[in-house]
Amino acid sequence: MSIRLVLAACTIAAPVLWLAGVPVGHADPATAVCGDPDDVDCDHVPDELDNCPTIANASQSDSDGDGAGDACDNCPSTGNRDQEDVNADGQGDLCDLDDGLVYLTLRAPTYLWWQPEIGMATFNMYRGQLEVLTSRGLYAQDPILAPQSAQFCDVVQSAEPFSDTVQPAAGEALFYLVTGNRGGVESSLGKDSAGFERPNTFPCRHPTCDRVFDSVTHTKTSGIYTQQSLLIDNPVAWCQFWGSPFPCDTQGIDFQAEVAIVATSGYATNGCHDVAVTCVRSEAADSIHVVVTNVVPGGLCGCPDNIGSPLDVVKVRRPVSSATFEWAWYSLNCPL
């Protein structure tokens, strides 16, 4: 028998949690305000049957079917019975895209999917052999030592699951971990179940991307149908780009301290196309070199038919005097 094992992977040093459901907790009956100790929220649904025992919800609506009612579900459209919230912002981990925690799941025996974490330009997926992990403690493994291990570096996130058709040898298991690249810096492999940082002894190699950048906006429906890559260093030019009178909404960019990098890939005929700024590095005299990656569907991608106009905007802190642009291509690794 061969097994594929998914480990919950972190993009920062946050606790790693196994994906396991736990019962929804019940409130202290002493808090009942209507005199019924078995119905704390007074919605006429007994606490032992109530999917939100402390919030009145007589309808018991549960859109995602995870056992937590919509009225108290921190991910109402994503099943997450355990209601984990690693950064305590009220949004559950399974639907929180800016908490530093990336959940990796197997959608089918050879299809993998992970959460798109905001601000991560690209991702790295590490495949390892469980026997090598248990015997040597290695999470990122050299294929010479572990022939079925592999690195998939600088993967551009997409809605399509990642296809990996390599089958574990009989009696063995493979596992997967994902890290993210923010501003050219790779995140950690997260912490293990004992709370210790997972060492990355065989990291992906990346091009030099020493200028940190932060996401401003990203869309596949910008309405801009020409390919463009440009540096915008003042609010007047920013408003002109959007066709708006000055002053206009700068979307959080402080042009006194920051500049905007804008990339559009033009007209696209299906939903698999995308564009992303994936690398910014320093050049001479405060100039920067920007890598813009066009995401295109591979031959096996089943994409929805629509008209798209992908756009990505990031901001970089000054000093920036000028920018050169390089266009790269990334073909989606789609499942059969």
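**View 1. C239, a buried cysteine, and its partner C248.** With a relative accessible area of 1%, C239 is buried, whereas C248, at 22%, is partly exposed (buried is under 20% relative accessible area, exposed over 50%, partly exposed in between, using a 1.4 Å probe and protein chains only). The two form a disulfide with sulfur atoms 2.1 Å apart (the cut-off for a disulfide is a pair of cysteine sulfur atoms within 2.5 Å). Their link is left-handed, with -105° about the S-S bond. This is a predicted model, where local features need pLDDT of at least 70, side-chain atom pairs count only at pLDDT 80 or more, and totals for chains, interfaces and linings use all residues. Residues are numbered from 1 along each chain as its sequence is written, and side-chain values use heavy atoms, leaving out hydrogens and water.

**View 2. The disulfide of C75 and C95.** Here the S to S distance is 2.0 Å, and the link is left-handed at -90° about the S-S bond. Both cysteines sit in the loop between strand 2 (9-10) and strand 3 (101-102), so the bond ties together parts 20 residues apart in sequence (strands are DSSP runs of E, at least two residues, numbered from the N terminus). C75 counts as buried at 0% relative accessibility, while C95 is partly exposed at 21%.

**View 3. The disulfide of C209 and C279.** The sulfurs are 2.0 Å apart. This pair links distant parts of the chain, 70 residues apart: C209 is in the loop between strand 10 (185-186) and strand 11 (213-219), and C279 is in strand 15 (residues 274-282). Both cysteines are buried. The S-S torsion is about -105°, so this disulfide is left-handed.

Terms used
Helices (H or I, at least four residues) and strands (E, at least two) are DSSP runs, numbered from the N terminus.
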